[in-house]
Amino acid sequence: MSTSVLGFKVPMPIMVAPTALHKLAHPEGELATARAASSVGTIMVLSFSSSYNLEEVAGASSGLKFFQLYVYNDRKIAESLVVRAENAGFKAIVLTGDTPRLGRREADIKNRFTLPPNVTLKNLEGLMSVELDESKGSGLEAYASNTMDRSLSWKDIGWLKSITQLPILVKGVLTGEDASLAINAGASGIIVSNHGARQLDGVLPTIVALEEVVNAVQGRIPVYLDGGVRRGTDIFKAFALGAQAVLVGRPVIYGLASDGQAGVEKVLKLLSDELELVMSLCGCCSVDDIKPSHIDRASDFFSSRL
């Protein structure tokens, strides 16, 4: 069940994906999530938009952590956060590249989404205003429109590498062409992600886009899959198509809302146990034994090759 992520050995190929504002789900928010990830030995990717700041989350557990980064118009904000993350012991930067603009999230607009008084974007306190204005619809959309750097491009991976020694993972890649551009720009790894399918209506499921990305990469850097993972069978299929680990978002939030740290631990253990069972039934003694031949492409069924 163990694998390596950027040289770090973890006992399961399941990481915690970056998801915003965990305090909306539970009072202990990202602190509980970090402790849960550490308890099961896996990696947590902390969201840029976390409801506890990165230093607080770093201090909550000794587990491995990566930091997700958005780039705002004021580049000094990104520089400050990258330096803080490195100083706090985070081991990689996950650059979200699929959000130069926020997708049209109609539920947020209809509900005039904003934050309750006890929840805020803690990493940005002291750097810029963190007030959301919902007077014309979604406060999040208005905030993103005023702050996101729409000029973000592949050359900015080089800019990031100039300010940190940490490896850079690019999150949001869905095509072979973009995978090649990420490699040429100096990325250390790729996360195949469609941002929870919230950015663009009709976007490909990540499991469908995965194989094209893997084929383009040809083993030069690791490829991970984010999105749509709900069962151990989903993880097995991702490995069969070339992923080297998966990231889980919504199920972690469901577990956190249900029972805090214990709920997140239960979600991660359920997924791990389910993957182990599928591997056993398909004759795989380790994740390295999972091959494309274990899936019948025409039917999406498993081929139990014992």
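Angles under 35 degrees count as roughly parallel, over 145 as roughly antiparallel, 65 to 115 as roughly perpendicular, and the rest as oblique. This is a predicted model, in which local features need pLDDT of at least 70 and side-chain atom pairs count only at pLDDT 80 or more, while totals for chains, interfaces and linings use all residues. Residues are numbered from 1 along each chain as its sequence is written, and side-chain values use heavy atoms, without hydrogens and water.

Helix α1 covers residues 29-40 and helix α10 covers residues 250-281; helices (H or I, at least four residues) and strands (E, at least two) are DSSP runs numbered from the N terminus. The axes of α1 and α10 are 8 Å apart, and the helices pack at an angle of about 15 degrees. Axes here are lines fitted to C-alpha atoms, for helices over the stretch in contact, with angles from 0 to 180 degrees between N-to-C directions. α1 and α10 are therefore roughly parallel to each other. The crossing of α1 past α10 is left-handed (the near helix is turned anticlockwise from the far one by less than a right angle; clockwise is right-handed).

On the α1 side, the contact (heavy atoms within 4.5 Å) is made by G29, A32, T33, R35, A36, A37, S39 and V40. On the α10 side, the residues are V252, L256, G260, Q261, V264, E265 and L268. By type, the residues of this contact between α1 and α10 are 8 nonpolar, 5 polar and 2 charged (Ala, Val, Leu, Ile, Met, Phe, Trp, Tyr, Cys and Pro are nonpolar, Asp, Glu, Lys and Arg charged, the others, Gly among them, polar).

α9 passes α10 in a right-handed crossing.

The contact of α9 with α10 contains 6 nonpolar residues, 2 polar and 1 charged.

C282 is in no disulfide, and the nearest cysteine sulfur, in C284, is 5.9 Å away. Seen from C284, the closest cysteine sulfur is that of C282, and 5.9 Å is too far for a bond.

C282 counts as buried because its relative accessibility is 5%; buried means under 20% relative accessible area, exposed over 50%, and partly exposed in between (1.4 Å probe, protein chains only). C284, at 6%, is also buried.

## Positive phi in two loops

Most residues other than glycine have a negative phi. L21 is not a glycine, yet its phi is positive, near 55 degrees. L21 sits in the loop between β3 (14-16) and α1 and is buried, at 11% relative accessibility.

Q218, again not a glycine, has a positive phi of about 55 degrees. The loop that holds Q218 runs between α8 (206-217) and β9 (223-226). Is Q218 buried or exposed? Its relative accessible area is 65%, so Q218 is exposed.

## Around M44

M44 belongs to strand β4 (residues 44-46) and is buried, with 2% relative accessibility. Setting aside neighbours within four places in sequence, M44 is in contact with V16, E30, T33, A34, A37, V57, L64, K65 and F66. Among these, T33 and A37 also take part in the contact of α1 with α10. N73 is 29 residues from M44 in sequence, and their C-alpha atoms are 27 Å apart in space.

Methods
Disulfide = S-S within 2.5 Å.
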